[in-house]
Amino acid sequence: MDYSVYMIAILVAALVIWRRARGMYRPIRGNGSRLIWPMLFLIPSLLLIFGSKAHAPAWEWGAALAIGCLLSVPLIITTNFERRDDQQIYAVKNIGFFVSFLGVLVIRFLLRDYLSSLDQETMAALFMTVLVGYVVPWRTVSYLKFRKLYLDGEKKIDFVSK
C-alpha cells in the first residue's frame, strides 16, 4: 500500500483547514472573485478526465459526478458569510465546515480503497470527476452567497449617501 498518497492528501487537507481557519479572522477583499479562483486549478484535472486513457462506463462517470455533488451539500450548508461592524465581509466561524471537510476526505479515502481494483488512470480520472463535482457547486454557491451580501451592502451604502 502506497502511503505517500495519503500523506499528500493529509497535507493538502491541513493546508485547506489552516487557510480557512485563518481566513475567518480576515475580511474577504474585493468583489468575491477570489472565491472562484480555485476553480481555475481544476483545468489540469479536466485534461486528465477528458484526455486520459481511462475506460469506464458512462454510469461510473455519472455516479462519480453525483457523489461529488452530494459531497458538496454539507460544504455548501456550512459555508456562510457575514458583514461585521466594520462593514467588511467575513466567513462565518463554523466548526461544522471543518467536520464536513474532514468527512469528505474520509469518504474519498474509503472510496479509493473500495475501488482499488481499477487501473490507476481510470481511478484518478473518476476521483477528479468527484473533485470537480463538489468543488464547482460549492465554490459557485459560496460566490453567490458572498455576492448577495456584497450587493446588499452596496445598496445600503448608496441609500445612506443619497
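Which side chains meet in a salt bridge of 3.5 Å, N to O? In this predicted model, they are those of Asp 152 and Lys 148, where a salt bridge is defined as a side-chain nitrogen of Lys or Arg within 4 Å of a carboxyl oxygen of Asp or Glu. The model is predicted, and for that reason local features need pLDDT of at least 70 and side-chain atom pairs count only at pLDDT 80 or more, while totals for chains, interfaces and linings use all residues. Residues are numbered from 1 along each chain as its sequence is written, and side-chain values use heavy atoms, with hydrogens and water left out.

The secondary structure of the chain consists of five helices and two strands, which follow one another along the sequence in the pattern α-α-α-β-β-α-α. Here helices (H or I, at least four residues) and strands (E, at least two) are DSSP runs, numbered from the N terminus. Taken along the principal axes, the box filled by the C-alpha atoms is roughly 65 × 30 × 20 Å. Of the 162 residues, 33% count as buried, a class that means under 20% relative accessible area, whereas exposed means over 50% and partly exposed lies in between (1.4 Å probe, protein chains only). The accessible surface comes to about 10400 Å², and 69% of this surface belongs to carbon and sulfur atoms; such areas come from the Shrake-Rupley method with a 1.4 Å probe, and for residues only the protein chains shown count as cover. Where contacts (heavy atoms within 4.5 Å) join residues at least 6 apart in sequence, 81% of them link residues at least 24 apart.

When residues up to four places away in sequence are not counted, Thr 79 touches Arg 20, Phe 97, Trp 138, Ser 142 and Lys 145. Ala 58, by comparison, is located in helix H3 and counts as exposed, at 63% relative accessibility. Between Ala 58 and Val 136 there are 20 Å in space, C-alpha to C-alpha, and the two are 78 residues apart in sequence.

A search of the whole structure finds two salt bridges. Asp 152 is partly exposed, with a relative accessible area of 31%, whereas Lys 148 is exposed, at 54%. Another salt bridge joins the side chains of Glu 82 and Arg 84 at 2.9 Å, N to O. Glu 82 is partly exposed, with a relative accessible area of 30%, and Arg 84 is also partly exposed, at 22%.

The loop between E1 and strand E2 (89–91) holds Gln 87, which has a positive phi of about 65 degrees although it is not a glycine. Most residues other than glycine have a negative phi. Gln 87 is partly exposed, with a relative accessible area of 47%. Asp 86 is found in the loop between E1 and E2 and is partly exposed, at 42%. Asp 86 and Val 12 are 74 residues apart in sequence, and 32 Å separate their C-alpha atoms in space.

Two surface patches were also examined, patches being made of residues with over 30% relative accessible area and no salt bridge, with like charges joined within 9 Å and nonpolar side chains (Val, Leu, Ile, Met, Phe, Trp, Tyr) within 5 Å. A nonpolar patch is formed by Trp 37, Leu 40, Ile 43 and Leu 47, which together have about 460 Å² of accessible area. Leu 47 lies in helix H2 (residues 43–51) and counts as exposed, at 61% relative accessibility. A positive patch consists of Arg 19, Arg 26, Arg 29 and Arg 34; Arg 19 is found in helix H1 (residues 4–23) and is partly exposed, with a relative accessible area of 48%. For the chain as a whole, the mean positions of the 19 positive and 11 negative charges are 8 Å apart. In this count Lys and Arg are positive and Asp and Glu negative, while His and the chain ends are not counted, and the place of a charge is taken as NZ of Lys, CZ of Arg, CG of Asp or CD of Glu.
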